[in-house]
Amino acid sequence: MIELDEAKRFVLERVTALEPEEWPIEKSSGCVVATHVVAREAVPGFVNSSMDGYTLRASDTATGSARLRITDSIHAGDVSSLQLEAGHAMRIMTGAPLPVGADCVCMIEEAIVDDDFVTIPRALRPGDFVRQVGEDTAVGQTLFSPGDELNASGVGVLAGQGFHSVLVHRRPRVGVLSTGNELAQGEEPLGPGQIRDLNRPLLLALLGESGCLPIDLGTARDTREAITDSLRQAVDTCDAVISTGGVSVGDVDFVKFVIADLGGGDARWMQVAIKPGKPFAFGVVGPRQTPIFGLPGNPVSTRVSFEMFVRPALRTLAGHRVIERLALDAVLDVPLERPSDGKVHLVHVKVTWGEDGNLRVTDSMRRGSHLLNAIVDANAIAVVARGAVCAAGDRVRVVILDADSLGVSR
Ligand code: AMP
Ligand code: MG
């Protein structure tokens, strides 16, 4: 058996970020920028009002108040054809450009209007309620650097520059293949000994959640030829391929051999000291060094192996700097059985914030690599180190699978 870290290192040393591509900005949230993006326009582009109100000269209010003649009204999108003279004011709406001669704004709630006059009841300073040119973004400013992940605000910032596309690392196209003679096809009734394919839909969903483009490669029977054909074809069209089943020590577990054949020398079949998820095969294949992950067939093992090996590698392909999930310490409300088998146990658990401000493990799911339904409510995986004592009240490291579940509920 090899350590989890060693298996992970073997994978991560063999994957690098995908070639950058120009991508429409509205589709690039969550993508990683691959270039320096420099501002070409100032934002704001002109001096404008930050309030609905009256624009005037601050010096007119030096005595503590002023009664000014209203000479124009300016809406956002308009430009006044008049200059603002001393003793005058103009009605102005948020986002409208200040007229020449004005230097501040009095908000509408403070202004007292009578006919063509407005009384400003207090002294204002130049710049009050005024947005200056370049206050948010100056021309020439670096907006993004290689490795920065675009979020929704970033997409808005790019739109503010009039950019329609941006150079990012592509979302990885990731194929998913299930192997096994026992897998029923489609919705047909199950024959004797048949099971439904849980892994493929599970992985396709995980890929979507992980910002990848999932590609359904269907199923392959347990023959070297069928598996070889499916994986060969997949390597031509995908940036990475995940298969499940066939990596253990069974008589027809051929996936590990096929990955070794295709990977030529550098591929590796590993027994990793984790539970679940011990058997694992990995190699990079073909001219583009496409990673192929051979995950175990049991669905919970597949789920755990995806977290441990596949997700960090896919985030590397996508150019992310941060490739691991958030991991936090949590206090156990329930004991976790102490492992004594030389493996790190990766236990699906439910965590929630306690009233004491600590993250707490409130539930530990029934364990069994074939018990997928048992973990459906888990929002974290506890990493129970070898020999760790895991009594109630002890602390354990948890990898958060669903951060939203730790927010405030209704
Ligand atoms: P294997 O790793 O191929 O020996 O499979 C281990 C266990 O996982 C067996 O009980 C398989 O029937 C089961 N299994 C394999 N593939 C799938 C799948 N796609 N969906 C659900 N169970 C599976
Ligand atoms: Mg099998």
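Tutor: Take the second largest pocket of this predicted model. Its lining has 14 residues. Nearest its centre lie Leu202, Leu206, Glu209, Arg303 and Val376. The volume of this pocket is about 340 Å³. By class, its lining divides into 9 nonpolar, 1 polar and 4 charged residues. Helix H3 gives the largest share of that lining, 4 residues.

Now follow H3 itself. H3 covers residues 199-209 and packs against helix H6, residues 299-317. Their axes are 11 Å apart, at an angle of about 30°. Angles under 35 degrees count as roughly parallel, so H3 and H6 are roughly parallel to each other. Their crossing is right-handed.

Which residues meet there? From H3 come Asn199, Leu202, Leu203, Leu206 and Leu207. From H6 come Pro299, Thr302, Arg303, Phe306 and Leu314. By class, this contact has 7 nonpolar, 2 polar and 1 charged residues. Look again at Leu202, Leu206 and Arg303: they belong to the helix contact, and they are among the residues nearest the centre of the second largest pocket.

H6 leads on to another pocket. The largest pocket has a volume of about 690 Å³. It is lined by 44 residues, and the closest to its centre are Gly297, Asn298, Pro299, Ser301 and Ser369. H6 is one of the elements that give two or more residues to this lining. Strand S21 (344-353) is another, and S21 gives the most, with 4 residues. By class, the lining has 15 nonpolar, 17 polar and 12 charged residues.

Technical notes:
Residues numbered from 1 in each chain as written. Chains lettered and ligands numbered in written order. Predicted model: local features only at pLDDT ≥ 70, side-chain atom pairs only at ≥ 80, totals over all residues. Heavy atoms only, no water. Axes fitted to C-alpha atoms, helices over the stretch in contact; angles between N-to-C directions. Parallel < 35°, antiparallel > 145°, perpendicular 65-115°, else oblique. Left-handed = near helix turned anticlockwise from the far one by under 90°. Contact = heavy atoms within 4.5 Å. Nonpolar A, V, L, I, M, F, W, Y, C, P; charged D, E, K, R; others polar. 1 Å grid on protein atoms, 1.4 Å probe; cavity = no way out; pocket = protein on both sides within 12 Å on 5 of 7 lines; lining within 4 Å. Points joined across faces, edges and corners; volume = space filled by probe spheres on them.
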